[in-house]
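Have the 3D view open as you read.

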Amino acid sequence: MPVEITWWGHATCTVRDSGVRVLTDPLFARRFAHLRRRRGAVPPPEAAEADVVLVSHLHADHLHLPSLARLAGGTRLVVPRGARRAVPGLARLAGMRGLVVTEVVPGEEVLVREGVRVRAVAARHDGRRLPFGPQRAPALGYVVQGAERTYFAGDTGLFDTMAEEVGPVDVALLPVGGWGPYLGEGHLDPERAARAAALLGPAAAVPVHYGTYWPVGMDAVRPHEFHAPGGEFARWARRLAPEVDVRVPAHGERVRLP
């Protein structure tokens with residue numbers, strides 16, 4: 001059975017595998033902090049429907065409390081170990097909404113339903129709840145193991161042991177940009193994401209984490225960093241990982257893979 005991926009924008013995707021809906025890093029805001037959504041409609045209510053929600057790290061564009069508040073009571077939420085201590089609002093929200101929070105570190109697995117598991121894997125990214133606080137929780141990626149193996153990288157830089165730590169995968173959801181004109185350390189740009197695809201060797205890859213949010217008042221500053229990363233990733237992948245089937249969905253579009 002093929003896996004279905006719906007890209008809602010930024011790092012937010014719904015992965016459907018074996019009848020299970022897995023939601024990644026939900027961010028449903030039109031605007032937050034200094035960022036506003038410049039492309040794609042705010043996801044509809046059904047985007048918040050999930051059997052399990054994966055949060056890769058504590059940055060506010062990945063662990064966004066108002067978006068988590070849209071989840072139905074009883075939804076399982078998988079987060080890096082230490083997240084509830086580092087973000088007290090998460091514990092309060094979970095109690096109010098009846099969310100079932102599971103904290104994990106790389107190597108740990110969560111059984112979602114018979115035949116579908118989620119395994120936490122390492123990422124190379126600052127896991128703190130910025131702009132304050134010590135590093136209390138690691139940044140993670142996840143592998144959804146059902147009929148297919150789907151890797152959601154969260155935010156990460158490229159690292160030599162990526163393929164070894166992630167393991168064999170069929171589909172890779174790879175970040176290729178960000179929300180500002182410059183990428184800091186611990187991120188993938190289109191070329192590095194294509195190199196990651198070459199290391200991992202999935203049958204298919206989807207670029208995410210680009211072309212959605214941008215700082216207010218900076219529309220004219222390096223606009224190619226907003227618009228171009230998805231297409232650039234596809235071009236780099238044709239050169240560096242030609243065996244990988246790259247799909248570049250529009251916001252809200254569902255694709256079937258591999």
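Keep in mind that this is a predicted model. Start at helix α3, which covers residues 88–97: its buried residues are Gly 89, Leu 90, Leu 93 and Ala 94. Look down the axis of α3 and those buried residues fall within an arc of 135°, so they line one face of the helix. The spacing makes sense, because an α-helix has 3.6 residues a turn and residues three or four places apart point the same way.

Just past the end of α3, Gly 98 takes a positive phi of about 70°.

The side chains of Glu 103 and Arg 84 form a salt bridge, at 3.1 Å from N to O. Glu 103 sits in strand β8 and Arg 84 in helix α2, so this pair ties together parts 19 residues apart in sequence. Arg 84 itself is partly exposed, at 36% relative accessible area.

The structure has 16 salt bridges. One of them joins Arg 254 and Glu 4, at 3.5 Å from N to O. Arg 254 belongs to strand β17 and Glu 4 to strand β1, so here the linked parts are 250 residues apart in sequence.

Finally, Arg 222 pairs with Glu 225, their closest N and O atoms being 2.9 Å apart. Elsewhere, salt bridges that share partners join Arg 21, Glu 49, Asp 51 and Arg 113 into one network.

Methods. Residues numbered from 1 in each chain as written. Predicted model: local features only at pLDDT ≥ 70, side-chain atom pairs only at ≥ 80, totals over all residues. Heavy atoms only, no water. Buried < 20%, exposed > 50% of the residue type's maximum accessible area, 1.4 Å probe, protein only. Helix = DSSP H or I, 4+ residues; strand = E, 2+ residues; numbered from the N terminus. Arc of directions from axis to C-beta. Salt bridge = Lys/Arg side-chain N within 4 Å of Asp/Glu carboxyl O.
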